[in-house]
Structures are given as C-alpha cells and as structure tokens.
Amino acid sequence: ILGGYEAKPHLRPYMASLQLDGQHICGGFLIAKQWVLSAAHCTEETLHSLPEPHKRLYRVRAQIPHPGSNIHNNKDDLLLLQLEEEAELNAHVQVLPVQREDRDVAPDTVCEVAGWGTINHSGRRPDKLYQLERPVLSRDVCNHRTRHDHTITEKMMCTDSRRKDTCKGDSGGPLVCNGVAEGVVTAGSRVCGNYKKPAIYTRIAPYTAWIDGVIAAGAA
Ligand SMILES: CC(C)CC(=O)Nc1cccc(-c2cccc(CN)c2)c1
C-alpha cells in the first residue's frame with residue numbers, strides 16, 4: 001500500500017496473508033469459515049496466516065484458481081483457498097460479506113483497501129497491515145486510451161492511483177465499500193502510484209455462482 005497508514009489492530013479481522021516459507025506473497029480474505037478468497041496470480045504452494053497477535057497459521061487443503069485465469073492477462077484473476085480446517089471465528093477472526101448484486105459501484109464512492117504489500121517505491125515490506133481509502137474511478141475513465149486502454153471489462157473495476165495506491169504484495173486483498181467486499185486487488189500493469197495506471201480489481205458479484213459452486217462441492 002503506497003501513501004496509506006497502519007491499520008488499527010483487529011479492525012479488519014477478515015484479512016489473511018498468503019505466505020510461502022514464512023514470506024508474505026499476497027493478501028486474501030475470509031469469505032467463509034474454511035475458505036479464503038485471493039488472486040490467481042498469487043498461486044504457489046501456500047501456507048497462510050491470519051493477521052497479527054491473533055494470527056494463526058492455517059495450512060491450505062486446496063487451492064482453486066478460477067478456470068478462466070491465466071498469466072497473460074488479468075481476466076478472472078481469482079483464487080479460492082480451502083483451509084485444512086475451519087477457522088475459529090471470534091472478535092479477531094471474522095468473515096467479510098461479499099457483494100452479490102451485480103451492479104457497478106458508483107464512481108467517486110470512497111472504498112477501502114488494505115494489505116501487507118510494499119509501502120514505498122524502494123519496495124519496503126511492512127510487518128503491520130496498512131490501509132488506504134480510494135475513490136472508485138468510472139470504467140470509461142479507466143479504459144481511456146492513456147490509462148488502461150479498453151482492457152477493463154465489466155467484471156473489473158478501478159480506483160484512482162494518484163500517489164495513494166495498491167502495490168506488490170497487495171494482490172488478493174479486498175476492496176471494501178460500505179462494509180462489503182466489492183473487488184479483489186489484481187496486479188494489472190504492476191505499476192504503483194502512477195495516476196495514468198489506476199488500480200484494478202476483479203469485481204466479485206459476477207463470480208458468486210462460481211464461488212458458491214466451489215464451496216458447495218468442497219464441502220461435500
Ligand atoms: C506473484 C505476484 C505477487 C507477482 C506480483 O504481483 N508482482 C507485482 C509487482 C509490482 C507491482 C504489483 C502490483 C500489485 C497490486 C496492485 C498493483 C497496481 N497498483 C501492482 C505486483
């Protein structure tokens with residue numbers, strides 16, 4: 001997170017850190033007791049831990065990237081992770097509701113994004129969770145020739161990236177608008193803090209049938 005600030009402990013009890021050999025790779029968030037949603041671009045063998053003092057390490061039983069995800073573009077950049085066991089929910093570990101109505105968030109709506117991604121241009125990695133408020137950018141502005149040049153589909157959304165932005169390691173985290181997860185951070189052009197490359201998120205509402213199907217099958 002560039003240009004953000006330390007999150008207060010326990011205010012985002014849904015945040016997960018996907019780690020490989022103890023190193024943070026990507027963000028994620030609890031969408032059900034045994035399921036974390038993240039970004040397909042983060043797939044590796046992952047352990048993953050929930051945050052801070054009440055952090056617990058949960059092994060990953062299964063990782064299910066969206067079938068449409070691939071390394072050549074940001075399409076369908078979602079990853080479902082089944083935990084080895086159900087997370088124990090408490091004041092510090094909670095599920096985040098996801099948006100199920102497939103309707104664009106109004107431009108200029110101020111949403112929040114959090115992560116353990118780099119906090120400056122020299123790639124400094126924080127040990128605390130950082131957060132940021134960002135206004136939603138209309139798809140038309142985000143798709144402008146000088147921005148993402150018509151690569152933003154109706155299953156993606158953008159936020160302004162002038163100075164304050166998501167960055168390496170924030171992928172997979174939730175964009176939260178009015179307490180509901182509307183999007184999942186995707187790396188996009190892998191540029192940070194440049195207003196010409198707005199932050200891109202995979203919208204969640206278009207994928208709730210896929211998410212419900214995987215969880216129902218996995219629960220079997
Ligand atoms: C396996 C993956 C973790 C590799 C990766 O993602 N690299 C990488 C490098 C530079 C910027 C970013 C990046 C992430 C999230 C949002 C944005 C856009 N502001 C950039 C991402």
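User: Is strand β12 (residues 180-186) largely enclosed by the rest of the structure or exposed, and why?

Analyst: Let's start with the terms. Strands are DSSP runs of E with at least two residues, while helices are runs of H or I with at least four, numbered from the N terminus. Buried means under 20% relative accessible area, exposed over 50%, and partly exposed in between, using a 1.4 Å probe and protein chains only. Here, six of the seven residues of β12 are buried, so the strand is largely enclosed by the rest of the structure. This is a predicted model, where local features need pLDDT of at least 70, side-chain atom pairs count only at pLDDT 80 or more, and totals for chains, interfaces and linings use all residues. Residues are numbered from 1 along each chain as its sequence is written, and side-chain values use heavy atoms, leaving out hydrogens and water.

User: Which residue in β12 is the bridge partner of Val 176?

Analyst: Two strands pair if DSSP finds at least two bridges between them. Val 176 is partnered by Ala 181. Strand β11 (residues 174-177) runs antiparallel to β12, joined by four bridges. Two residues separate them in a hairpin, and Asn 178 in the turn has a positive phi of about 50 degrees. Four bridges also join β12 to the antiparallel strand β13 (residues 199-203), with Gly 183 opposite Arg 203.

User: How many disulfides does a search of the whole structure find?

Analyst: A disulfide is a pair of cysteine sulfur atoms within 2.5 Å. The search finds four. One of them joins Cys 167 and Cys 192, with sulfur atoms 2.1 Å apart. Its S-S torsion is about 85 degrees, so this disulfide is right-handed.
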